[in-house]
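Here are my notes on the model you passed along.

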Amino acid sequence: MDWKYTKDIIPLGWELGDWDGCRSDEVLAEDKNGKRYIAVVYSGILDSVRFDEWYDNNDYSIENIVRWMPIPE
């Protein structure tokens, strides 16, 4: 598996909608405890502050994501 670490890079947000910032494609994400999620990240700048917020596929906010990878086809 080709994991990417969030300290180095996050998924590219490209999709616009009725939310703040841009949404990424779904990825496989893992938190610091090793729990894995199907997730998206919302990224952008709001009030001059950059944000990257992770959400699982049930639209619940998730924290402490340390690595991710594109979902294999």
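The points below go from the overall fold to single residues.

1. **Overall fold.** First, a reminder that this is a predicted model. As for burial, 32% of the 73 residues count as buried.

2. **Size.** Does the radius of gyration agree with a compact globule, or disagree? A compact globule of 73 residues would come in near 11 Å, and the protein chain has 12 Å, so the two agree. Along the principal axes, the C-alpha trace spans about 35 × 25 × 20 Å. On contact range, take the contacts between residues at least 6 apart in sequence: 44% of them join residues at least 24 apart.

3. **The core.** Which residues make up the largest nonpolar core? There are 9 of them: V27, A29, Y37, A39, V41, W54, I62, I65 and W68. Strand 3 (27-31), strand 4 and strand 7 (65-70) each put in at least two residues, and strand 4 has the largest share of this core with 3. In soluble globular proteins, nonpolar side chains do tend to be buried together.

4. **W68.** Leaving out residues up to four places away in sequence, W68 touches D2, W3, K4, T6, I9, I10, P11, V27, L28, A29 and W54. Three of the names on that list, V27, A29 and W54, are also in the core.

5. **R67.** The R67 side chain makes a polar contact with the side chain of E30 at 2.8 Å, and another with the side chain of Y5 at 3.4 Å. R67 also lies over the face of W3, at 4.2 Å from the ring centre. The contacts of R67, not counting residues up to four places away in sequence, are W3, K4, Y5, T6, L28, A29, E30 and R36.

6. **The aromatic pair.** The count of aromatic pairs comes to 1. Y42 and Y55 have ring centres 5.5 Å apart and planes at 85 degrees; that angle is over 60, so the pair is edge-to-face. The pair links distant parts of the chain, with Y42 in strand 4 and Y55 in strand 5 (residues 49-56), 13 residues apart. Y42 is buried, at a relative accessible area of 11%.

7. **S43.** Next along strand 4, have a look at S43. At 6% relative accessibility, S43 counts as buried. What joins its side chain to that of D52? A polar contact of 2.8 Å does. D52 is also among the residues that S43 touches beyond four places in sequence, together with I10, G21, C22, R50 and F51.

8. **L46.** L46 sits in strand 4 (residues 36-46). L46 is partly exposed, because its relative accessible area of 43% lies between the 20% and 50% limits. Setting aside neighbours within four places in sequence, L46 is in contact with D20 and F51. L46 and N64 are 18 residues apart in sequence and 21 Å apart in space, C-alpha to C-alpha.

9. D47 lies in the loop between strand 4 and strand 5, while N64 is in the loop between strand 6 (61-62) and strand 7. D47 counts as exposed at 71% relative accessibility, whereas N64 is partly exposed at 44%.

Conventions:
Residues are numbered from 1 along each chain as its sequence is written. This is a predicted model: local features need pLDDT of at least 70, side-chain atom pairs count only at pLDDT 80 or more; totals for chains, interfaces and linings use all residues. Side-chain values use heavy atoms; hydrogens and water are left out. Helices (H or I, at least four residues) and strands (E, at least two) are DSSP runs, numbered from the N terminus. Buried means under 20% relative accessible area, exposed over 50%, partly exposed in between (1.4 Å probe, protein chains only). Contact means heavy atoms within 4.5 Å. A nonpolar core is a set of buried Ala, Val, Leu, Ile, Met, Phe, Trp, Tyr and Cys residues joined through side-chain atoms within 4.5 Å. A polar contact is a pair of N or O atoms within 3.5 Å; within protein, one must be able to donate a hydrogen and the other to accept it, and residues adjacent in sequence count only if both atoms are side-chain atoms. Rings of Phe, Tyr and Trp (its six-membered ring) pair if their centres lie within 6.5 Å; planes under 30 degrees apart count as stacked, over 60 as edge-to-face and the rest as tilted. A charge sits over a ring if NZ of Lys or CZ of Arg is within 6 Å of the ring centre and within 35 degrees of the ring normal. The radius of gyration is taken over C-alpha atoms; the globule rule is 2.2 Å times the number of residues to the power 0.38.
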